[in-house]
Amino acid sequence: MSVNQETVKKLELHAARCRRNIVRMVRGGGAGHMGGAMSCMDILTALYFHVMNIDPEAPKKPDRDRFILSAGHKCMAQYAALAERGFFDKSLLDTYGKLGTKLPGHPDMHKLPGIEANTGALGHGLSISVGMALGLRDSGARVYTVTGDGELPEGSNWEAAATAAHYGLENLTVLVDDNGLQISGRTAEVMNMEPIARRFAAFGWATRDIDGNDMSQVVGALESVPLETCRPTAIVAHTIKSKGLSFAEGIAAYHYWKPGAEELSAAERELDEAIRLGEAL
Ligand SMILES: Cc1ncc(C[n+]2csc(CCOP(=O)(O)OP(=O)(O)O)c2C)c(N)n1
Ligand SMILES: [Mg+2]
């Protein structure tokens, strides 16, 4: 199925603005889990601006699609998308990580519209998603979950994966933000989970590998969901950690970023330029 290139261009511009929102949050809070937020930003942009049935004016409407950020430390990506999509005023971005903020370092469903579950302790989001998908399976609503390659060693993921296949949850899609890195280095060295797609397939899921920073591929895969009837879908998105900030791409040390003044300004300049280029297209 061919992907509409106008749509792709628009989404790329949204993604650039969302990445700029992430750096805005880091300026406000002084630090944050930047690397993983940047790597999954294209996925979240496609979901929030093209795929999911959601309404910022009615964030709790019963037939909405659900999004669960299982890897909760990537929450700046979700805040960036929610703000850009109009779920809350962008001025809130400047409060990221501050005392009393609605935008804490891990998402809190009691503080912000659009957050469906509290996550951050890795390994719980897929189980929550399976329960939601089971409850919603005759409703037409879909459940989308983003996890990370470094999160997958948590055994609860595989209990959830087996359950999703057992119940044939075709309304459930997991997107693995496979950036090859986790908190302390290469996932392959800390706890190798490759080949990820084949592992999900062995549990009974329909799977596809994509370049998760190529908007055409992200949209193409999401438009094809469910990949098979009566099976949950796993999209393994190969991404680059810190995508969009050239000085930080693929470097594990940027998992949690506490920038100095110069690096922060360089980041802002680079993303402002990306937005300018996107607007000119
Ligand atoms: C249960 C649990 N153990 C450890 C951590 C600490 N921790 C936060 S992020 C992270 C690495 C996650 O790696 P990955 O899922 O690949 O995400 P990425 O760092 O690439 O964004 C770890 C171990 C945690 N949040 N929860
Ligand atoms: Mg990772």
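At what angle do helix α3 and helix α9 pack, and how far apart are their axes?

## Helices α3 and α9

This is a predicted model. In it, helix α3 (residues 41-51) packs on helix α9 (residues 215-223) at about 55 degrees. Their axes are 10 Å apart.

On the α3 side, the contact uses Asp42, Ile43, Ala46, His50 and Val51. On the α9 side, Met215, Val218, Val219 and Leu222 take part. By class, this contact has seven nonpolar residues, one polar and one charged.

## Helices α1 and α10

Helix α1 covers residues 5-29, and helix α10 covers residues 261-280. Their axes come within 9 Å and cross at roughly 160 degrees. The cut-off for roughly antiparallel is over 145 degrees, so α1 and α10 fall in that class. The crossing of α1 and α10 is left-handed.

From α1, the contact draws on Glu12, Leu13, Ala16, Arg17, Arg19, Arg20, Val23, Val26 and Arg27. These residues meet Leu264, Ala267, Glu268, Leu271, Asp272, Ala274, Ile275, Gly278 and Glu279 in α10. The contact of α1 with α10 divides into nine nonpolar residues, one polar and eight charged.

## Helices α5 and α6

Helix α6 spans residues 156-166. It packs with α5 at an angle of about 20 degrees, and the two axes are 8 Å apart. Angles under 35 degrees count as roughly parallel, so that is the relation of α5 to α6. Their crossing is left-handed.

Leu126, Ser127, Val130 and Ala133 make the contact from α5. Ser156, Asn157, Ala160, Ala161, Thr163 and Ala164 make it from α6. The tally for α5 with α6 is six nonpolar, four polar and no charged residues.

## The five-stranded sheet

What is the strand order of the open sheet? It runs β1-β2-β3-β7-β6, and the pairing is parallel. The edges belong to β1 (66-69) and β6 (206-211). Each edge strand has a single partner, so one side of each is left without a neighbour in the sheet. On average, neighbouring strands of this sheet are turned by 20 degrees against each other, direction ignored.

Arg66 has Val143 in β2 as its bridge partner. Helix α5 (residues 125-136) lies across β1, β2 and β3 (172-178). Its direction is at about 170 degrees to β2.

## The shell around ligand 1

Which residues come nearest to ligand 1? They are Gly36, Gly148, Gly150, Glu151 and Gln182, out of 20 residues around the ligand. By class, the shell has five nonpolar, 11 polar and four charged residues.

Two named elements, α2 (34-39) and β4 (181-182), each supply at least two residues of this shell.

## Backbone features in the loops

Most peptide bonds are trans, and most residues other than glycine have a negative phi. Against that background, some loop positions deserve a look.

The bond from Glu194 to Pro195 is cis, with omega near -5 degrees. Pro195 sits in the loop between α7 (187-191) and α8 (196-202). The bond from Val225 to Pro226 is also cis, with omega near 0 degrees. Pro226 is in the loop between α9 and β7 (233-238).

Where does Cys230 lie? Its place is in the loop between α9 and β7. Phi of Cys230 is near 65 degrees, a positive value in a residue other than glycine.

Definitions and conventions. Residues numbered from 1 in each chain as written. Chains lettered and ligands numbered in written order. Predicted model: local features only at pLDDT ≥ 70, side-chain atom pairs only at ≥ 80, totals over all residues. Near = placed C-beta within 6 Å. Helix = DSSP H or I, 4+ residues; strand = E, 2+ residues; numbered from the N terminus. Nonpolar A, V, L, I, M, F, W, Y, C, P; charged D, E, K, R; others polar. Axes fitted to C-alpha atoms, helices over the stretch in contact; angles between N-to-C directions. Parallel < 35°, antiparallel > 145°, perpendicular 65-115°, else oblique. Left-handed = near helix turned anticlockwise from the far one by under 90°. Contact = placed C-beta atoms within 7 Å. Pairing = 2+ DSSP bridges.
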